[in-house]
Amino acid sequence: MTSPDSMTVFDRALVRRRRDRAVAEFSDHSFLFEEIADRLADRLEDVIRPFPLALDVGCHDGAMARILKGRKGIERLVACDLSPDFARAAGGLGNPAIAADEEFLPFAPGSFDLVVSNLSLHWVNDLPGALVQIRQALKPDGFFCASMLGGQTLAELRRCLYEAEMEVAGGVSPRVSPFAEIKDAGGLLQRAGFALPVVDSDVITVTYSDAFALMRDLRGMGETNAVLARRKVPASRGLLFDAARRYAELYAEPDGRIPVTFEVLYLAGWSPHESQQQPLKPGSGQVPLGDALKGGGCGIH
């Protein structure tokens, strides 16, 4: 499923290969996935209802399954990931697991009470189409809760690579993936047909000894650049060393460590159902607007 205005930004085959490569040592680099899985689970605690059958889209090694075990009335959690190797790893937790592309979900309409997704949807080309498929996979009044990286993520690294490449190569190419902005996420949920959509964000700052330690961690996460328009030759040593030097000069803290920004967007919405709160129809209000504004207490001048 693709939307008319969708764009092909990412090399999805490369995303899959890099995730497959990351599986063996993922636990050494998965701190962000574990932390955000825990935060997503906490948000689910605010929803007072059970979810017997759940789906984890982009499961990686199964962090959401581990966090949600024994919680929210989940009797079975189905895991899927673009990477067959990650799907096998998640299946090792005792849950059904399959390799499946977020852009082509193989589930019947109305299958799940809950769909969760932890730090995976920022790699999807057709995000509106993927959200539509997720909403269709939910039962009426089913719940969707997800996290994805947002626009401020790796802002420092993006700047340093840009400036270094301009200096070393006399031009620039995409070195860090683009990420969605929070102002657009709510509209995407509405376009996909979710009811009562909610979007908010966290900014998490992590410190590293240097830019090379950050790059090793991104590789270990399976989160390195997979933009189709990237240069197909590896970055030169000169470029990387210049970027690392700039990072230290621009951002190093007094102890010499460098800060790294990860913006995390949280998306939530419901599959429509007649029992849900509905907006009033236009013209159905009982008090004229002019009367409501009388008295001066509304703060409008």
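This is a predicted model: local features need pLDDT of at least 70, side-chain atom pairs count only at pLDDT 80 or more; totals for chains, interfaces and linings use all residues.
Reader: Which residue forms a salt bridge with Glu-34?

Author: Residues are numbered from 1 along each chain as its sequence is written, and side-chain values use heavy atoms, leaving out hydrogens and water. A salt bridge here is a side-chain nitrogen of Lys or Arg within 4 Å of a carboxyl oxygen of Asp or Glu. With closest N and O atoms 2.6 Å apart, the partner of Glu-34 is Arg-66.

Reader: Is Arg-246 buried or exposed?

Author: Buried means under 20% relative accessible area, exposed over 50%, and partly exposed in between (1.4 Å probe, protein chains only). The relative accessible area of Arg-246 is 16%, so Arg-246 is buried.

Reader: How many residues apart in sequence are the parts that Glu-163 and Arg-246 tie together?

Author: These two form a salt bridge, their closest N and O atoms being 3.6 Å apart. Glu-163 lies in helix H6 and Arg-246 in helix H9; helices (H or I, at least four residues) and strands (E, at least two) are DSSP runs, numbered from the N terminus. The pair therefore joins parts separated in sequence by 83 residues.

Reader: Which strands stand at the edges of the sheet?

Author: Two strands pair if DSSP finds at least two bridges between them. The open sheet has seven strands in the order E3-E2-E1-E4-E5-E7-E6. Each edge strand has a single partner, so one side is left without a neighbour, and these strands are E3 and E6.
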